[in-house]
Amino acid sequence: MTATIAELAAGYRDGSRSPVEATEECLAAIAALDGRVGAWQAVYGDEARAAAEAAEVALDLAAGEPLGPFWGVPFALKDIVDVEGRVTTAGSAAWADRISPATGTVARRLLEAGGILLGKTKTVEFAMGGWGTNQHMGTPWNPWDADVARTPGGSSSGSGAAVASGMAPCAVGTDTGGSVRLPAALCGIVGLKTTEGLLPIDGIVPLSHTLDTPGPLARSVLDAALMFDAMSGTTPAEVERDWLTGAGRYGALRAAVDGGLAGRRIGCLSDAERAGVEADQLAAYDAALEVLAGLGAELAVFDPPTSFEEMKNTRFLIVTAESYHYYGELMEDPSSKVDERVRARVLPGAGISASAYIEAMLRRRADLAEFAAAFEGFDAMATPTTPMLPLPVDEADETNTPALFTRAANFLALCSTTVPTGVSEPGSATGPAGGLPTSIQFMCRGGDETLSLSLAAAYEAARGPMPAPPLWAGE
């Protein structure tokens, strides 16, 4: 069974695991399972094996010197992140032969931290969609239902499915309106939406340069934190020191897990916002709020001064205008081999005037100020990550989105951690015999990733272990 980042790092330290073995486990899982799941766009088997052998030699030569907890950890990149000399399709058949001119900073940092790149994972074309579907390049199969093809969440669909099924310990996604958190939620894993501007976006195919943010997907909050530090360029020695001694970010996580959430004030949905949430997800959300209250958190209804629906309209103008800037010419060409659903989302950008775009940007600035004032006295806002559980792919409304709650974090320049709350009851209206994953997200002020991760870690510990999905790499 593919291990977590923390398990691998501990095993490398005590000699019970090796990067070569860990990489071979991942490659074996991919070979055994990806024929069903379809999460991978490209697998770099030979290169991953060579990198694992080099990582193992470095561990032997380190003689106790800290290489950092990400050293020798296999990982995946969403196929909109450039690696020099590699094809980056951005999920587009029209870009099937596009060679990356340079490696993006986030990818380079992960490689410099000792990560072993397994390959690229599938994405919605140009990251423009929340269900995770792709008309030409393939839609990953959500691992939580072995019989029915369900939405994996997008746009980082392959990253979510690869991690959830145990084919990789972790993966990079990007989030413009929920594209890390949606696949994390619908695939039953952890996702961190980072603060706008905190991580560089060079070498990442853009959707909206205003709102794009890269972030980690992993199977635990601790793993998401460890990967986030590697993506941030924090020195491996510093990460290892803080992780092992319980200092810095990891001290905050441990304090929340061990000491509870007394003194934390968390906003929750109003009755009006709750009305749009499906019964299974709402029941899981209410149960999670009870857990948070039991941990000592103070819960209070938070009504944002701008509703989620109003934020959607302004965000639409920004994202659509910017995506049209990048892909309008391709989408205007009727002969181009693009996903017709993505074409329909991008083309309205042609009708957005410069005046309307500027007005939307100014409206956002005003909304940010109003939200900051209203949010005084709160540490976080907790919402269901999605209003629904994973739908059968053929039932997903491609004119709509599951991003009702997630896009607020992008629009308001917040950070947010999504963590599973469990699985729906077997035999419920929306789930198969084994149930489907439910989730909650903790949205905090920009720059408060440590707080968001700490709240998620405390909840995760109180929740207990998650079951494995039916499509799982196994032992």
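Tutor: Two strands count as paired if DSSP finds at least two bridges between them, and with that in hand we can read this predicted model.

Student: In which sense do strand 10 and strand 11 pair, and over how many bridges?

Tutor: As a general idea, the strands of a sheet pair through backbone hydrogen bonds, and they do so either parallel or antiparallel. Here strand 10, residues 415–423, and strand 11, residues 437–444, are paired in the antiparallel sense, with eight bridges between them. Within that pair, C415 has C444 of strand 11 as its bridge partner.

Student: What is the order of the strands in the open sheet?

Tutor: The eleven strands follow the order 1-3-2-4-6-5-10-11-9-7-8, and their pairing is mixed. Strand 1 (40–43) and strand 8 (298–301) are the edge strands, each of them pairing on one side only. On average, neighbouring strands of this sheet are turned by 25° against each other, direction ignored.

Student: Which strands does helix 2 lie across?

Tutor: Helix 2, residues 19–37, lies across strand 1, strand 2 (74–78) and strand 3 (116–121), and its direction makes an angle of about 20° with strand 3.

Student: Where is A90, and is the residue buried or exposed?

Tutor: A90 sits in the loop between strand 2 and helix 4 (105–112), and its phi is near 55°, a positive value in a residue other than glycine. A90 is buried, because its relative accessible area is 0% and the cut-off for buried is under 20%.

Student: Which peptide bond is cis?

Tutor: The bond from G154 to S155 is cis, with omega near 10°, and S155 belongs to the loop between strand 3 and helix 5 (157–164).

Key
Residues are numbered from 1 along each chain as its sequence is written. This is a predicted model: local features need pLDDT of at least 70, side-chain atom pairs count only at pLDDT 80 or more; totals for chains, interfaces and linings use all residues. Side-chain values use heavy atoms; hydrogens and water are left out. Helices (H or I, at least four residues) and strands (E, at least two) are DSSP runs, numbered from the N terminus. Axes are lines fitted to C-alpha atoms, for helices over the stretch in contact, and angles run from 0 to 180 degrees between N-to-C directions. Contact means heavy atoms within 4.5 Å. Buried means under 20% relative accessible area, exposed over 50%, partly exposed in between (1.4 Å probe, protein chains only).
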